[in-house]
Amino acid sequence: MITSAHPARVIHNGVTALTGANKATSSEVFVLSMAARFDTPKRQDILIQALTYLPENLPIVCHFLGDGPSIEACKTLTHQLNLDGKVNFYGVVDNVQKYYSQSDVGVLISDYEALPISLVEALAQGLPIIVSNVGGIQELIDHNGFLVTNDARQIAEKILTLYQSKKIAEVKTNSYQMYQRHYTEHEMLEQTQAYYLRCLA
């Protein structure tokens with residue numbers, strides 16, 4: 001029972017960072033990755049549309065990780081917009097961080113969210129993030145990316161900003177430091193144990 005003696009406390013989900021699989025710095029392709037089920041409330045369709053507002057010669061590709069009922073509609077949209085060469089659908093994957101480690105930006109466009117574990121995994125790989133300004137996602141942004149409305153033009157603008165940024169290394173460092181401060185598995189377990197002990201006292 002939540003009482004003044006035993007108040008509720010938020011303990012963030014934590015993850016263990018995958019190590020030893022960093023993206024080759026010499027790669028000329030700028031990789032966006034969105035890990036999410038193809039279903040409500042996720043909006044992969046808006047991210048696909050955003051790619052049409054980027055210069056055609058920009059070496060940017062978007063990787064979608066996940067499956068679900070709306071994936072075929074997103075594949076059709078990709079084809080209709082002539083983006084087959086810029087979008088890859090990987091389906092269900094066994095280790096999201098492995099794909100994030102080969103990416104430059106983590107993206108999550110949604111109509112609503114709590115605080116997605118997929119974004120915590122992006123932070124664990126030191127990725128800048130571009131995310132919908134919904135739910136608790138604001139907690140994950142601190143000079144390490146952008147909050148956006150679900151507007152394709154605005155999303156494209158932020159993608160281009162990161163692509164052209166001369167401070168991208170600093171932004172990546174900010175993401176990883178946020179992960180280390182708040183979202184490691186060790187921190188989650190330590191806080192959980194401490195709170196159990198307090199409740200039992």
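R43 is partly exposed in this predicted model, its relative accessible area being 23%. R43 forms a salt bridge with D111, and the closest N and O atoms of the pair are 3.4 Å apart. R43 sits in the loop between β1 (30-35) and α1 (44-51), whereas D111 belongs to the loop between β4 (105-108) and α4 (117-124), so the contact ties together parts that are 68 residues apart in sequence. D111 is partly exposed as well, at 40% relative accessibility.

The structure holds eight salt bridges. Side chains of opposite charge can pair when their charged atoms come close. Another of these bridges joins K75 to E72, with 3.8 Å between the closest N and O atoms. Both residues belong to helix α2 and are three residues apart, which means that about one helical turn separates them. K75 is partly exposed at 34%, and E72 is partly exposed at 48%. A further salt bridge connects D94 with K98, where the closest N and O atoms are 3.9 Å apart. Here D94 is exposed, at 73% relative accessibility, while K98 is partly exposed at 39%.

Helix α2 also has a place in the strand arrangement. Strands β2 (residues 60-65) and β3 (residues 87-91) pair in the parallel sense over four bridges, and L65 stands opposite G91 in β3. From β2 the chain passes through helix α2 (residues 71-80) to reach β3, making a right-handed β-α-β crossover.

Conventions: Residues are numbered from 1 along each chain as its sequence is written. This is a predicted model: local features need pLDDT of at least 70, side-chain atom pairs count only at pLDDT 80 or more; totals for chains, interfaces and linings use all residues. Side-chain values use heavy atoms; hydrogens and water are left out. Two strands pair if DSSP finds at least two bridges between them. Helices (H or I, at least four residues) and strands (E, at least two) are DSSP runs, numbered from the N terminus. A crossover is right-handed if, with the strands pointing away from the viewer, the path from the first strand over the helix to the second runs clockwise. A salt bridge is a side-chain nitrogen of Lys or Arg within 4 Å of a carboxyl oxygen of Asp or Glu. Buried means under 20% relative accessible area, exposed over 50%, partly exposed in between (1.4 Å probe, protein chains only).
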